[in-house]
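Student: I would like to learn to read a structure feature by feature. Can we go through one together?
Tutor: Gladly; here it is.

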Amino acid sequence: MAILEQQVEDPSTLGVFDSIADAVGNTPLVRLNAVTDGIAATVYAKLEFLNPGGSVKDRAALAMIRAAEESGELGPGGTVVEGTSGNTGVGLSLIAAARGYRSVVVVPDKTSAEKIALLRAHGATVHVTPGGRPSHDPDFVRNVAARLASETPGAWLAGQYDNPANPGAHRSTTGPEIWRQTRGRVTHFVAGIGTGGTVTGAGEYLSQVSGGAVTVVGADPETSVYGGGDGRAWYVEAVGHFLHPQTVVDEWPDSYRPDVVDRIERIPDAEALTVVHRLAREDGLLVGGSAGTAVAAALRVARTLGPDDVVVVIVPDSGRSYLSKYFDDEWLGRLGFPLYHGAPDPTVGKIVGRLGAAVRSVPSDATVAQARDVLADAPVLPVVLARPAIGGTVVAEVLGSVCAATLAAAPVDDPIGEHLDPPLPVVGVTESPAAALHRIGDHDGAVVVARDGRAIGLVDASILRDSVPKP
């Protein structure tokens with residue numbers, strides 16, 4: 001009886017791996033259809049949320065840990081420490097758990113509840129620190145991480161912002177995958193700029209392998225410094241470069257090489273979130289906010305191209321990590337963003353009408369005397385981070401409030417920051433008056449009215465109460 005020779009195959013080609021680390025990468029490209037209606041170019045989304053940890057950051061996490069092991073910086077029984085908006089921490093904690101390390105992750109307080117839960121599920125010790133601090137502040141995310149690493153025996157600080165293994169991971173995996181998957185037909189590569197690792201590493205590879213034919217496009221929040229904004233806050237997580245006005249030296253990550261990027265598209269939060277909602281409802285893709293920023297940029301680019309062009313856009317993570325934010329009407333409504341399930345009738349915006357006057361406010365660097373002058377004919381006003389207003393609006397950085405009664409006995413030369421009251425409640429133009437009132441409870445007096453995350457005026461709570469029909 002003849003003995004049949006058994007064919008031996010590489011298990012990885014069958015999707016069989018020795019560890020979770022080996023399953024990182026080789027994510028699919030999926031063509032976008034509904035959201036590209038009327039666009040001649042082909043647009044593919046690279047679904048990085050199909051990595052084991054749910055994001056593109058798994059690639060950098062694995063590469064950084066491997067490099068630290070090889071260099072001896074991370075030894076058996078060691079502790080992985082990082083400051084992150086969440087996704088890199090998830091990737092690091094996942095790989096750390098699989099390799100027998102502890103993990104400590106520091107995140108800003110705007111990080112979604114889902115991401116924090118994921119970190120803890122993988123055994124990470126999570127430290128939440130206030131966001132929006134200047135880079136020299138001891139409570140700045142990366143400073144807290146560095147301090148914890150220095151205080152923990154056997155700890156290694158990943159340092160994704162300046163770690164060459166971050167862009168290196170994308171130069172050796174993400175870029176080659178895209179080139180192979182498109183058979184070299186990719187003409188435009190689009191990725192959000194956060195640490196800069198993805199756009200730098202993959203962009204550099206694609207530019208080199210194509211002889212400069214691939215155009216590299218960075219997607220950036222409208223106010224991020226990378227694209228020329230003044231660095232004020234925005235609401236989409238894990239992308240862009242925030243700049244506090246008290247920052248002494250604005251240091252950009254070593255992981256980001258601006259010379260690799262041919263152009264930057266600046267995307268407002270509202271545009272990014274509208275794209276996020278469309279992708280979920282029309283293309284069946286549940287993606288995160290930074291993916292909305294990137295896809296919005298890709299659509300802008302694709303509208304200028306022809307049928308022979310191929311755009312590939314990185315989709316960094318899934319919307320499952322943001323169900324409490326970008327897909328939650330209460331969160332969207334109170335900030336005045338377009339609601340996922342559609343705006344009610346009437347809305348707060350319809351009740352209060354268009355507020356012609358800009359929000360009056362007290363800057364955070366004012367003295368008590370200066371604040372009293374601003375409060376001369378107003379009982380209470382918001383206190384905002386000291387930046388110039390944009391278009392007459394206060395943007396996303398309300399620190400608290402101040403009232404004339406509180407300041408009556410305060411020393412005139414005191415900084416206003418020493419006499420802050422809690423922030424005024426915020427109601428959004430896209431929510432119903434009933435929903436807004438349910439949230440602000442029995443609050444009397446002024447509330448801030450917001451549209452697309454920006455304050456556009458003040459309204460008395462009584463106006464909202466009068467608009468709700470009495471039972």
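Student: Let me start with one residue. In which helix is glutamate 70 found?
Tutor: First, a caution: this is a predicted model. Glutamate 70 is found in helix 1, which covers residues 57-71.

Student: Is glutamate 70 buried or exposed?
Tutor: Read the relative accessible area against the cut-offs: under 20% is buried, over 50% is exposed, and in between is partly exposed. Glutamate 70 has 70% relative accessibility, so it counts as exposed.

Student: How far apart are the C-alpha atoms of glutamate 70 and alanine 343?
Tutor: They are separated by 54 Å. Along the chain, glutamate 70 and alanine 343 are 273 residues apart.

Student: Now strands. How many of the five residues of strand 12 are buried?
Tutor: Five of the five, over residues 380-384. Strand 12 is therefore largely enclosed by the rest of the structure.

Student: In which sense do strand 11 and strand 12 pair, parallel or antiparallel?
Tutor: Look at strand direction, then at the bridges. Strand 11, residues 362-363, pairs with strand 12 in the parallel sense over two bridges. Within this pairing, proline 363 stands opposite valine 384 of strand 12.

Student: How many bridges join strand 12 to strand 14?
Tutor: Five, and these two strands run antiparallel. Strand 14 spans residues 398-403.

Student: On to charges. What is the general idea behind a salt bridge?
Tutor: Side chains of opposite charge can pair when their charged atoms come close. The cut-off used here is 4 Å, from a side-chain nitrogen of Lys or Arg to a carboxyl oxygen of Asp or Glu. By this rule the count comes to 25 salt bridges.

Student: Which residue forms a salt bridge with arginine 278?
Tutor: Glutamate 282, with the closest N and O atoms 2.9 Å apart. Check the spacing next. Both residues lie in helix 7, residues 269-282, and are four residues apart, about one turn of the helix.

Student: What are the relative accessibilities of arginine 278 and glutamate 282?
Tutor: Arginine 278 has 31% and counts as partly exposed. Glutamate 282 has 41% and also counts as partly exposed.

Student: What meets the side chain of glutamate 330 in a salt bridge?
Tutor: The side chain of arginine 439, at 3.8 Å from N to O. Glutamate 330 lies in helix 9 (residues 329-335) and arginine 439 in helix 13 (residues 433-440), so this pair ties together parts that are 109 residues apart in sequence. Glutamate 330 is partly exposed at 40%, and arginine 439 is partly exposed at 28%.

Student: Which residue forms a salt bridge with aspartate 377?
Tutor: Arginine 360, the closest N and O atoms being 2.8 Å apart. Here both partners are in loops. Aspartate 377 lies between helix 11 (368-374) and strand 12, and arginine 360 between helix 10 (348-352) and strand 11, so the pair ties together parts that are 17 residues apart in sequence. Aspartate 377 counts as exposed at 62%, whereas arginine 360 is partly exposed at 36%.

Student: Which residues are linked in a network of salt bridges?
Tutor: Lys46, Glu48, Arg59 and Glu177.

Student: Which residues form a negative surface patch?
Tutor: Asp162, Asp250, Glu251 and Asp254. Take aspartate 250 as the case. Aspartate 250 lies in the loop between strand 8 (215-221) and strand 9 (263-267). Its relative accessibility is 31%, so it counts as partly exposed.

Student: What is the phi of asparagine 26?
Tutor: About 55 degrees, a positive value although asparagine 26 is not a glycine. Asparagine 26 sits in the segment before strand 1 (29-31) and counts as exposed at 58%.

Student: Where is aspartate 452?
Tutor: In the loop between strand 16 (446-451) and strand 17 (454-460). Aspartate 452 has a positive phi of about 55 degrees, although it is not a glycine. At 31% relative accessibility, aspartate 452 counts as partly exposed.

Terms used: Residues are numbered from 1 along each chain as its sequence is written. This is a predicted model: local features need pLDDT of at least 70, side-chain atom pairs count only at pLDDT 80 or more; totals for chains, interfaces and linings use all residues. Side-chain values use heavy atoms; hydrogens and water are left out. Buried means under 20% relative accessible area, exposed over 50%, partly exposed in between (1.4 Å probe, protein chains only). Two strands pair if DSSP finds at least two bridges between them. Patches are made of residues with over 30% relative accessible area and no salt bridge: like charges are joined within 9 Å, nonpolar side chains (Val, Leu, Ile, Met, Phe, Trp, Tyr) within 5 Å. Accessible areas come from the Shrake-Rupley method with a 1.4 Å probe; for residues, only the protein chains shown count as cover. Lys and Arg count as positive and Asp and Glu as negative; His and the chain ends are not counted. The place of a charge is taken as NZ of Lys, CZ of Arg, CG of Asp or CD of Glu.
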